[in-house]
Amino acid sequence: MNKVIQASILALVFISLSLSGCSRSRGDDSSLQPVLSFQEPIVVGNPEHNPAGPYLLTSKSNKVFVSWVEENPDGIGGSVFLAHVTHDGQRVSDLRTMNHEPIRPRGGEHKSKFTLAQDDNVTALWVAHTDVYKRRNLMSAYTDGSGPFSLEQTINDDEREVSRANFYAIGTAPDGKIYVSWLDGRNDLEAKEVFMTVSEDGGRSFGENYAISALACPCCQPTIKFLEGGKTIVVSYRDNGTPSADGKTDNVRDHLMIRSTDGGQTFSDPVVISQDGWTFASCPHAGISIGVDSQNRIHAVWWTGGRTADEAGIYYTYS
């Protein structure tokens, strides 16, 4: 493992222990004050309909929006919901359904997502499974600050019988454009490419799909982040391995990042975030989490199996 990463982890652990009071002796426990306290939790979703896949964003006006998926009461598919949590955090209100056609409810890294734009307009994103073994369409719908969602539209513009578009990210740039990135199997179901599309009208419509990188792990979600006021866009994803001399894939699952300085029109060659050397022949289903601070530093945290069992764990680094 990278020594810088190991040092960063140790520093984070030390800070965490200090904040939690673990750095003090056991005899001082009575004088400790809690670092954080939370209100009593409230129920989101109908427990009788198996709610799953929660997602949360806060707007610039400090509104809290949450989304989740539930099974429909009639037993036919499911629906994606968006709601507003009141300022005191004690009530869920303004419940709206994102989709019009039933979807197959799924959680985990398949969770439905949304992004917020000016005036708390919402653009939502989810996968519709027309046939789990043949085709998966990436769907989107739009709403203004208070109205119902529009009819959903298909984001992936290929019309192939066998195509899988899933594991996706969505984000609003500072200039208001909405970017969607996802893993697309229109050309190769086993070694997906990273695709992108852009909306210049706040999510009402999206442009042509285009590939921004190849050979992505087919089952780990990408991320999108904006730096320098939106002048720079970075997208991360998991590698699918470098072909070996005999033409087979080595299944190396390192995380990669690509960068655009022209509004997402072109992207750089991928940079390895950390050379973990983890090889895994199946689907990890464990993506990376990326954050950007006010000084345009990129922070990353992820899980890896490492080269040996001793190296397996959660790691952190920054650029």
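The largest cavity holds about 70 Å³ of space. A cavity here is a set of points, on a 1 Å grid over the protein atoms alone, where a 1.4 Å probe fits but cannot get out. Grid points are joined across faces, edges and corners, and a volume is the space filled by probe spheres set on the points. The model is predicted, so local features need pLDDT of at least 70 and side-chain atom pairs count only at pLDDT 80 or more, while totals for chains, interfaces and linings use all residues. Residues are numbered from 1 along each chain as its sequence is written, and side-chain values use heavy atoms, with hydrogens and water left out.

A search of the whole structure finds one cavity of 30 Å³ or more. Lining residues, defined as those with an atom within 4 Å of a point, include Val69, Ile103, Arg104, Pro105, Arg106 and His110 for the largest cavity. Also among them are Ser112, Trp126, Val127, His129 and Tyr168. Strand E6 supplies the largest share of this lining, three residues. Strands (E, at least two residues) are DSSP runs numbered from the N terminus. By residue class, the lining of the largest cavity divides into six nonpolar, three polar and two charged. In this division Ala, Val, Leu, Ile, Met, Phe, Trp, Tyr, Cys and Pro count as nonpolar, Asp, Glu, Lys and Arg as charged, and the others, Gly among them, as polar.

The largest pocket contains about 1000 Å³ of space. A pocket is an open set of grid points with protein on both sides within 12 Å along at least five of seven lines. Its lining has 35 residues, of which Leu57, Thr115, Ile170, Gly171 and Thr172 lie nearest the centre of the pocket. At least two lining residues come from each of E1, E5, E9, strand E13 (223–227) and E17. E9 gives the most to this lining, with five residues. The lining of the largest pocket divides into 16 nonpolar, 13 polar and six charged residues.

Nonpolar cores were also identified. Such a core is a set of buried Ala, Val, Leu, Ile, Met, Phe, Trp, Tyr and Cys residues joined through side-chain atoms within 4.5 Å. Buried means under 20% relative accessible area, exposed over 50%, and partly exposed in between, for a 1.4 Å probe and protein chains only. The largest core has 27 residues, and those with the most contacts inside it are Met98, Phe114, Trp126, Leu138 and Trp182. Strands E2 (64–71), E3 (78–85), E5, E6 (122–131), E7 (135–143), E9 (163–172) and E10 (178–184) each supply at least two residues of this core. The most, six residues, come from E6. Another core lies apart from the largest one and has 21 residues, among them Met196, Ala216, Ile233 and Phe267.

Aromatic pairs were then counted. A pair of aromatic rings is described by the distance of the centres and the angle of the planes. Rings of Phe, Tyr and Trp (its six-membered ring) pair if their centres lie within 6.5 Å; planes under 30 degrees apart count as stacked, over 60 as edge-to-face and the rest as tilted. By this rule there are seven aromatic pairs. One of them joins Tyr55 and Phe114 in an edge-to-face arrangement, with 5.5 Å from centre to centre and 85° between the planes. Because Tyr55 is in strand E1 (residues 52–58) and Phe114 in strand E5 (residues 113–116), this pair ties together parts that are 59 residues apart in sequence. Tyr55 is partly exposed, at 22% relative accessible area, whereas Phe114 is buried, at 0%. Trp278, Phe280 and Trp303 are linked by ring pairs into a cluster.

Asn296, with a positive phi near 60°, is placed in the loop between strand E17 (289–292) and strand E18 (298–304). Asn296 is partly exposed, with a relative accessible area of 33%.

Two strands pair if DSSP finds at least two bridges between them. E3 and strand E4 (residues 92–97) pair in the antiparallel sense over four bridges, and Phe81 stands opposite Thr97 in E4. Six residues lie between the strands of this hairpin, in which Gly89 takes a positive phi near 70°.
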